[in-house]
Amino acid sequence: MKNTFRLTQIPVLILLVTLLASCKVSKDYQRPELALPNEYRNVPYGDTATIADMGWKEFFPDTTLQHLIERGIAYNYDLQIALKRIDIAQQQVKQARMLQLPRLDLRVAGTYNRPSSNSLNGISASSFLGAKHIENYIAGVDLSWEADIWGKIRRQQQATMGQYLQTYEATKAVQTRLVADIARGFFNLLMLDKQLEVAKHNLELSNNTLKLTNLLKDAGEVTSLSVQQSEAQREAIALLIPQLEQDITIQENALQVLTGQMPNAIERKVKLADFKANDSLATGVPAALVSRRPDVRAAEMSVLVANAQLGVAQASMYPSLIISASGGIESFKSSNWFNIPGSLFGIAAGTIARPIFARRQLKTNLEVAKIEREQSVLEFRQSVLNAVGEVSNSLVQTKKLKEQEAIASNQVNILTQAISNAQLLYQSDMANYLEVITAQGNALQAELNLAFIRSQSLVARVDLYRSLGGGWK
């Protein structure tokens, strides 16, 4: 009757556990407060539209660049590693979903014990069993279940899910950076192509100037010093060509590595001048960065994980209730092992336990969890601050580089005309060779600078696109 009474208490205990399971000793996650401006610096108004909503194929319409980005997304090793992290996190989430369920173990064991004949066990075995050894055979099922009274298991599940989301957002951040890096490398490659074209054109002009100087020297109009100066100018320009060819090869190799390919040449039919800067660069409002930018989202998920882990640490300070049960068949003779119902056994128990003295381990875990949550909040706020700063920097770069490009283009036009005038005056003996060389050198530098500014203007738009959270769609 006493055993029956105890068994009837189990359903009541389970009901009580179910009611207590709604108790929580920690607070649910809430996004930390952020002091965000209404619009970016030097942007007259804030609008919800943003180029970050554009897919990368729409933002980069050139087919050559699209092909490079497609290969990068498919074969880049950093991105593939990040995707494997997602696979790992998915498996952890599947396991976390099962934490609320009981654990069930199957146990089959056989033991043989030969006690000393002079021991109490040996004497008892001889007296009661008529043998000098003791055998025992058991086959049973063990069940254990921890009641989630204080929400510890739920917080563990939240932490696991948060880690999965953090990994997922981090992977998107890897892709946005990969897309931006490929676009930057591609525009830098086109810049080097243009600079090589400029260098070869100016080398041809220098050759013509050198021929003219030699003719004038033969005619007695100039000295050998003029010829030497023209030759030196020509060699200075010729020196640029192998340097630029080297840089082109290195940039091609870098792009191939980014796309997961072995170093090789990159076929391209487009030129730097084929890309026109688009003035329609909607940025949205700073508050949108929190939901659009993957690295900021990953930082926020880190706060969510830290909040859940704090809940686990807080719940660990309270008593835990574990219900266990075992059942099966047991016998001290193998011949009677499967004798049912004689060999059946069953055990059920409920345990409430709380550590009394754990050398401050629980208290330390709780305080560390609080500090880690505060740390994650600071890191989240820092990521938002960095994101707003990057967008602001990209905005001013796109604006000022456009102004620089207009000035540099006008400078190239002026200096190109100056070369023609200097050569005509030189032929008419109204200008010396130094003026011709100076005009050619200034024009060369201006054209190289213009190609650099144009590429940087395109790169600034890539940086703006990435900093706003674009590139993962």
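Select Arg297 and Glu300 to begin: their side chains meet in a salt bridge, 3.5 Å from N to O. You are looking at a predicted model. Both residues sit in helix H9, residues 294-315, and they are 3 residues apart, about one turn of the helix. An α-helix has 3.6 residues a turn, so residues three or four places apart point the same way.

Now colour the pair by accessibility. Which of the two is buried? Glu300 is, at 3% relative accessible area. Arg297 counts as partly exposed, at 22%; the cut-off for buried is under 20%.

How many salt bridges does a search of the whole structure find? The count is 25.

**Next stop: helix H6**

Select Asp181 and Arg184. They form a salt bridge, with the closest N and O atoms 2.5 Å apart. Both lie in H6, 3 residues apart, about one turn of the helix. Arg184 is partly exposed at 22%. Asp181 is partly exposed too, at 27%.

**Then helix H10**

Go to residues 361-427, which make up H10, and pick out Glu367 and Lys370, 3 residues apart. Their side chains meet in a salt bridge of 3.8 Å, N to O. Glu367 is partly exposed, with 27% relative accessible area. Lys370 is partly exposed at 33%.

**Helix H3 and its cover**

Select residues 63-75. This is helix H3, with 13 residues. From first C-alpha to last, H3 reaches 18 Å, close to the 18 Å expected at 1.5 Å a residue. Show the buried residues of H3: Thr64, Leu65, Gln66, Leu68, Ile69 and Gly72. What covers them? The cover includes helices H2 (56-59), H4 (77-96), H6 (152-218) and H7 (224-258).

**Last stop: the strands**

Select E1 (103-113) and E2 (134-147). The two run antiparallel, joined by 11 bridges. Within the pair, Asp105 of the selection stands opposite Asp142 in E2. Is E1 buried or in the open? Of its 11 residues, the number buried is 0, so E1 lies largely in the open.

Now show Leu104, Leu106, Val108, Val141 and Leu143. They make a nonpolar surface patch of about 480 Å². E1 and E2 each supply at least two residues of the patch. The largest share, 3 residues, comes from E1. In a regular strand the side chains alternate between the two faces of the sheet. Finish on Val108, which lies in E1 and is exposed, with a relative accessible area of 58%.

Definitions and conventions
Residues numbered from 1 in each chain as written. Predicted model: local features only at pLDDT ≥ 70, side-chain atom pairs only at ≥ 80, totals over all residues. Heavy atoms only, no water. Patch = residues over 30% accessible without salt bridge, like charges linked within 9 Å, V, L, I, M, F, W, Y side chains within 5 Å. Areas by Shrake-Rupley, 256 points an atom, 1.4 Å probe, with all protein chains shown as cover. Salt bridge = Lys/Arg side-chain N within 4 Å of Asp/Glu carboxyl O. Helix = DSSP H or I, 4+ residues; strand = E, 2+ residues; numbered from the N terminus. Buried < 20%, exposed > 50% of the residue type's maximum accessible area, 1.4 Å probe, protein only. Pairing = 2+ DSSP bridges. Expected span 1.5 Å × (residues − 1). Contact = heavy atoms within 4.5 Å.
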